[in-house]
Amino acid sequence: MFDLYDIHGPIAGIAEATAVTVGVFDGVHRGHQALLRQLSTVNRQLSTLIVTLTSHPSFVLGRRQSEYWLDDPDEHLRMLFDAGAKYVAMLSFTREVSTLSACEMARLMHEKLKMRSLLLGYDSRFGSKQNDDFDRLPQLAGELGITLLCGEPFLVDGQPISSSRIRESLLDGDVQTTATLLGRPYVVTGKVLHGRGVGHTLGFPTANIDLTATRKMLPKEGVYAVHACGHSGMANLGAAPTFGVEKPLLEVHLIDFHGDLYGQTITVEFARRLRDIEHFASPEALEWQLTKDLNACLQL
């Protein structure tokens, strides 16, 4: 049920007693980071262990039609270790797992993960709603000798940080607020593919990023100031209506970059949304606008 990892990779089991917190931790945002710091601080005699889910419960249970995350799997695991985890347990959330009650899950974590302390987020609930015994957790904790703790909300502008709040900022194209809530710029990673070559003819060669391999939610379509490969740049995220391309693309022009990126995997940081995607009457009109966008990027 639990796939275990330490910072070096998969492991067979855990020998020592652990302090555990459990959740989706989508994006590992500043609220998650604060909870994980608390896990380490209040349980110094225990090894910290994070139980994270491999699928969104809302997707598995049919409440969400698509499964887009705020991080990729490798990124997710790395950030959990960066936040202070000694161990990570990946729980495959299935319909069978969804029927486990909170106390059943706690017993499993006590047995399989040597859990001796459980820290819950301020708004955290787990276990089946149909087999709901969440309110019995304090009694069970006493029976098993588990310390039960509750975290505090992490506020920005007077409101708790949540993955839903970050998703809303991405839907608005507000990548600056997204970065504030995450504690880092929002990034998308992909392989550079051969494109149409139009940007090169206009004097703005682009790296065309393959988006098919990412599970991440993309910001609102538009033109963005970005950073990649140690360079500032600008990116078109979405269709290219001037050239009759309707399929969403991520085309990145890096300022003062000279080299060949084809076939390489690069990470693009979104810094600011500059404007909507527009249809231009001619390539010359597009070139004029791209020059204006470039100057805007250089002023950031």
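Predicted model: local features only at pLDDT ≥ 70, side-chain atom pairs only at ≥ 80, totals over all residues.
## Helices α5 and α6

Let's start with the pair formed by α5, which spans residues 102-112, and α6, which spans residues 137-144. Their axes lie 10 Å apart and meet at an angle of about 25 degrees. Angles under 35 degrees count as roughly parallel, so α5 and α6 are roughly parallel to each other. The crossing of these two helices is right-handed.

On the α5 side, the contact involves Ala-102, Cys-103, Ala-106, Arg-107 and His-110. Their partners in α6 are Leu-137, Leu-140, Glu-143 and Leu-144. Sorted by class, the contact of α5 with α6 holds 6 nonpolar residues, 1 polar residue and 2 charged ones.

The largest cavity holds about 40 Å³ of space. Lining this cavity are Ala-106, Met-115, Leu-118, Leu-137, Leu-140, Ala-141, Ile-146 and Leu-148. Two elements, β6 (115-120) and α6, each give two or more residues to that lining.

Helix α6 supplies the largest share of the lining, with 3 residues. What classes of residue make up the lining of the largest cavity? It has 8 nonpolar residues, no polar ones and no charged ones.

## Helices α7 and α8

The next pair joins α7 to α8, the latter covering residues 175-182. Here the angle is about 160 degrees, and the axes are 8 Å apart. Since angles over 145 degrees count as roughly antiparallel, α7 and α8 are roughly antiparallel to each other. Their crossing is left-handed.

From α7, the residues in contact are Arg-165, Ile-166, Ser-169 and Leu-170, while α8 brings Val-175, Thr-177, Thr-178, Leu-181 and Leu-182. By class, these residues divide into 5 nonpolar, 3 polar and 1 charged.

## The largest pocket

Now for the open space. The largest pocket has a volume of about 1,400 Å³. It is lined by 45 residues, and those closest to its centre are Gly-23, Val-24, Pro-57, Ser-124 and Arg-125. Several elements each give two or more residues to the lining: β3 (18-23), α1 (30-42), α2 (57-60), α4 (95-98) and α7 (163-171). Helix α7 therefore has a part in this lining as well as in the roughly antiparallel pair with α8.

How does the lining of the largest pocket divide by class? There are 18 nonpolar, 18 polar and 9 charged residues.

## Val-24 and its surroundings

Val-24, one of the residues closest to the centre of the largest pocket, sits in the loop between β3 and α1. Leaving aside residues up to four places away in sequence, Val-24 touches Thr-52, Leu-53, His-56, Pro-57, Trp-69 and His-76.

Which distances separate Val-24 and Pro-57, in sequence and in space? In sequence they are 33 residues apart, and their C-alpha atoms are 8.6 Å apart in space. Pro-57, too, is among the residues closest to the centre of the largest pocket.

How values were computed
Residues numbered from 1 in each chain as written. Heavy atoms only, no water. Axes fitted to C-alpha atoms, helices over the stretch in contact; angles between N-to-C directions. Helix = DSSP H or I, 4+ residues; strand = E, 2+ residues; numbered from the N terminus. Parallel < 35°, antiparallel > 145°, perpendicular 65-115°, else oblique. Left-handed = near helix turned anticlockwise from the far one by under 90°. Contact = heavy atoms within 4.5 Å. Nonpolar A, V, L, I, M, F, W, Y, C, P; charged D, E, K, R; others polar. 1 Å grid on protein atoms, 1.4 Å probe; cavity = no way out; pocket = protein on both sides within 12 Å on 5 of 7 lines; lining within 4 Å. Points joined across faces, edges and corners; volume = space filled by probe spheres on them.
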